[in-house]
Amino acid sequence: DTCTGKPVLPGASCQVGVVFAPQAVTARPALLQFTDNVVPGPQVVALTGGGAAPTLTAAPPLAPAGMASQLTGAGFPPNKQVQLVLDGMPGQTTVTTDANGGFQAPLVILPHTSLGKRQVHATVQGVPDPMAASTDFLVVPGTLQPPDFADRD
């Protein structure tokens, strides 16, 4: 900002850098206003833009009851609470995004959870418009065990 607090002479210019970071996926309008002594004033610049849709992934995207998967979120508003819910499973988990709008959280599949395909939902708390992402998840029978490399030749 080379404008604030300094007179700008006739015919001269100054610069202001603006970062417009909407926290919703839909189009978001805003106004940037410069207060000056030019008639008519103030000077107003219209801004529009939309935030990118956040993403949610599970790795692995399947697990049996009693095991866990890792949820990763990206593109959420920074430093906001996100509620995580697996369809058909009681309870929810709340995580806080980092300064870049990302998070990682374990998803533990409770014992006796019904088998089948469902979705994990991540919903941002404390923003004007709902912002959410979902990913498919499969609850499978049995247990997942890492391979035993000690028995290999």
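Which residues have the most contacts inside the largest nonpolar core? They are V82, L84, F103, L107 and F137, in a core of 22 residues. Keep in mind that this is a predicted model: local features need pLDDT of at least 70, side-chain atom pairs count only at pLDDT 80 or more, and totals for chains, interfaces and linings use all residues. Residues are numbered from 1 along each chain as its sequence is written, and side-chain values use heavy atoms, with hydrogens and water left out.

**The core**
- A nonpolar core here means buried Ala, Val, Leu, Ile, Met, Phe, Trp, Tyr and Cys residues joined through side-chain atoms within 4.5 Å, where buried is under 20% relative accessible area, exposed over 50% and partly exposed in between (1.4 Å probe, protein chains only).
- Two or more core residues come from each of β3 (55-59), β6 (81-86), β8 (103-108), β9 (116-124) and β10 (132-140); strands are DSSP runs of E, at least two residues, numbered from the N terminus.

**The sheet**
- Five strands make an open sheet with mixed pairing, in the order β4-β10-β9-β6-β7; strands pair if DSSP finds at least two bridges between them.
- β4 (62-64) and β7 (93-96) each have a single partner strand, so one side of each has no neighbour in the sheet.
- β9 and β10 run antiparallel to each other, paired over eight bridges.

**The salt bridge**
- The whole structure holds one salt bridge (a Lys or Arg side-chain nitrogen within 4 Å of an Asp or Glu carboxyl oxygen).
- D136 and K117 form a salt bridge, with their closest N and O atoms 3.8 Å apart.
- D136 sits in β10 and K117 in β9, so the pair ties together parts 19 residues apart in sequence.
- D136 is partly exposed at 38% relative accessible area, while K117 is exposed at 64%.

Conventions
Helices (H or I, at least four residues) and strands (E, at least two) are DSSP runs, numbered from the N terminus.
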